[in-house]
Amino acid sequence: MDNKLIRIAIIGGGLAGASAANALFHLPHVDVHVFESAPEFSERGAAVGLSVNAQRALNAFIPPDKGVLQKAGAVAMNSSRIILGSGKDAGTVIFDLKTGVCVHRASLLRELLRPLPKEILHPNKKLVAINPKASGVELVFKDGALYDFDAVIGADGIFSFVRQHVFRDAAPGEDYGPSPAGFWDCRNLVPLDKAKSTLGKELFEDDRRYSWIGDGAFIMHDILEDRTMVQCIVSAIDKQQSFTESRKSILTRQDLNETLNTWLGGPIASGMIDLTLNQPDTYKYSQWEHKTTPTYFEDRVCLMGDAAHASTPWMGAGAGVAVEDAMVLGALFANISSPKEITAAFKAYDMVRRPRCQKVVDTSRETGLLFCGEFGLDVAELRAEISTRWSFILDLDMEAHRQEAMKYFTQYKNNQ
Ligand SMILES: Cc1cc2nc3c(=O)[nH]c(=O)nc-3n(C[C@H](O)[C@H](O)[C@H](O)COP(=O)(O)OP(=O)(O)OC[C@H]3O[C@@H](n4cnc5c(N)ncnc54)[C@H](O)[C@@H]3O)c2cc1C
C-alpha cells in the first residue's frame, strides 16, 4: 500500500464494491483497497438488469468506450412487457416498460474487476472488527491481519458486518438488520432453444423481458449471455412464512402447481413449471430487505449497495442504485483534499442517497404485492399504476444529483 493522501478500504467485492473501486482507484490522491471474504471474487445468481439510470451512473466513472457492458455479454432489452398471466384477461398486455440491458452477474463482475490493479484486490479477507481511531479506523481480519485506513466503505451485502458496526449502539427494540419481505422466488437459467420450444418461439422474437402478473404469483423471463440463455423466474407471496435463517427451501412440482393453481390453462404457467423444475435441485429463496435505515454513515464508516439498502427485486434496481452510490462517492472523493473532510463527504452522500434508496426499498415491496395480484387484476387500474411507477428511478438527472451531493459537501466541510 502506498502513501497516497487518503486511504480507503472497501469491504466486499460484489457489484457494489467493484463499482466503488472503479470510481475511486483512478483518483491520484486516493489509495483504495478491496477486501473480499470469499477465496475469490465471484457473483452467484443469474442475471441482473441495468436500467438507464444505472448505465448513466456507470458511464460517469467508466467511459462507455471501454465497453464493459458489451464485454459482459449484456443484451439490450427492447422493453419489459407486462402481461396478465392468470384470470379472465390472461394474455392481455398491460404495459411495455422501457428497461435497459440484461447481463449475467458473473460476467458483469468480471468486467468491473478487469480494470482494477491486482494489488488492490484482496480475496480471502473477512472483516471481523472495526476499531475507530482518533483519525480513521483499524480493520481486523479473520486471518489476524490488521490494517489502518482513513475510512471504510461497507459494500458487504445484506448481512453486512459494517452495517452491524454502524448500528452497534442502537437502542433495545430498534432492529436495523434484514428481515423477510413476504415473498419468495425461484430462478433458473435455461438455453434459449429449450425456452423457445417450451414457452413458444413467439415470445422470443424480440429481445424483450416478459413479466407475467397474476393471482398470488409472478413469472418473468429475459434473455442474456449474448442471446444464448434465458433467465426464468417464478415468484410468489410467501403464505406459509416457512423459511429458516438459510432463506432457502426445496420447491417441488406440487408446490408450483398449488402456487400457480389459478394460472394453469393460461399462456405461461405450465411451460414455466417445466423449465423451473428442469435443474438438479429446485429451491425457492425468501426475499429479505432492510426496512429501516436511519443513517448510511458513522464518522469514517459508510455503507453502500445492499449493505445500505437491501431491497426486494421487484423494481430490478438494487444493483443499479449501488452503481449510483459508487458514482456519488467517486464524485465526492474527487473533491476531498484531506482525510479530515471524509466525514463531511459521507454526510453529503447520506443526504442525497438515503431518501432515494429507501424509496426504492419501499416501492419495491409494494410492487411485489401489485405484481402478485394483491390489489386486483383489473387491466386499466394496473396500467395506470405501472406506467409511472419506475419514473423516479429511471429519470434521475445524474449531473444534478452529483451537484446536490457537492453542494451538501461544501456546506458540511465549511461548518466543520
Ligand atoms: C433475486 C434478485 C434479483 C435481482 N435483480 C436485480 C436487477 O434486475 N437489477 C438490479 O439492479 N438489481 C437486482 N437485484 C439486486 C442486486 O442483485 C443487488 O442489489 C446487488 O447485487 C448487491 O450487490 P452488493 O455488492 O451490494 O452485495 P453482494 O452481492 O451481496 O456482495 C457483498 C460482498 O461482500 C462480501 N462480504 C460479506 N461480508 C464480508 C466481510 N465481513 N468481509 C469481507 N467481505 C465480505 C461477500 O462475500 C460478497 O462478495 C436483485 C436481487 C435479487 C436478490
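**Largest cavity.** I sorted the lining of the largest cavity by class and got 7 nonpolar, 1 polar and no charged residues. My classes: Ala, Val, Leu, Ile, Met, Phe, Trp, Tyr, Cys and Pro are nonpolar, Asp, Glu, Lys and Arg are charged, and the others, Gly among them, are polar. The model is predicted: local features need pLDDT of at least 70, side-chain atom pairs count only at pLDDT 80 or more, and totals for chains, interfaces and linings use all residues. Residues are numbered from 1 along each chain as its sequence is written, and side-chain values use heavy atoms, with hydrogens and water left out.

How many cavities of 30 Å³ or more does a search of the whole structure find? I found 1. The largest cavity holds about 40 Å³ of space. A cavity here is a set of points, on a 1 Å grid over the protein atoms alone, where a 1.4 Å probe fits but cannot get out; lining residues have an atom within 4 Å of a point. Grid points are joined across faces, edges and corners, and the volume is the space filled by probe spheres set on the points.

I listed the lining: Leu15, Ser19, Leu50, Leu58, Leu108, Leu112, Ala319 and Val323. The elements giving two or more residues to this lining are α1 (15-24), α4 (105-113) and α10 (318-334). Helices (H or I, at least four residues) and strands (E, at least two) are DSSP runs, numbered from the N terminus.

**Helix α1.** I then checked burial along α1. Here 10 of the 10 residues are buried, so α1 is largely enclosed by the rest of the structure. Buried means under 20% relative accessible area, exposed over 50%, and partly exposed in between (1.4 Å probe, protein chains only). Leu15 and Ser19 are among the buried residues of α1.

**Second largest pocket.** Next I moved to an open site. A pocket is an open set of grid points with protein on both sides within 12 Å along at least five of seven lines. The second largest pocket has a volume of about 230 Å³. I count 13 lining residues, with Trp184, Lys239, Gln240, Asp255 and Thr259 nearest the centre. By class this lining has 4 nonpolar, 3 polar and 6 charged residues. Both β16 (229-237) and α7 (253-259) supply at least two residues each. The largest share, 3 residues, comes from α7.

**Aromatic rings.** I paired rings of Phe, Tyr and Trp (its six-membered ring) if their centres lie within 6.5 Å; planes under 30 degrees apart count as stacked, over 60 as edge-to-face and the rest as tilted. The count comes to 16 aromatic pairs. Phe141 and Tyr147 are edge-to-face, 5.8 Å centre to centre with 65° between the planes. Phe141 is buried at 1% relative accessibility, whereas Tyr147 is partly exposed at 22%.

Tyr408 and Tyr412 are stacked, 5.9 Å centre to centre with 15° between the planes. Both lie in helix α14 (398-414), 4 residues apart, about one turn of the helix.

I looked for charges over rings, taking NZ of Lys or CZ of Arg within 6 Å of the ring centre and within 35 degrees of the ring normal. Lys347 has its charged end over the ring of Tyr412, 4.5 Å from the centre.

**Single residues.** Is Glu324 buried or exposed? At 0% relative accessibility, Glu324 is buried. Glu324 sits in helix α10. Beyond its neighbours within four places in sequence, Glu324 is in contact (heavy atoms within 4.5 Å) with Asn53, Ala57, Arg353, Arg356, Leu396 and Met398.

Ser51 is in the loop between β3 (47-50) and α2 (52-61). Ser51 is buried, at 13% relative accessible area. Leaving aside neighbours within four places in sequence, Ser51 contacts Gly100 and Leu394.

Last, I checked backbone angles. Asp226, not a glycine, has a positive phi of about 50°. Asp226 lies in the loop between β15 (217-224) and β16. Asp299 also has a positive phi, near 55°. I placed Asp299 in the loop between β19 (297-298) and β20 (301-303). Asp299 is partly exposed at 41% relative accessibility.
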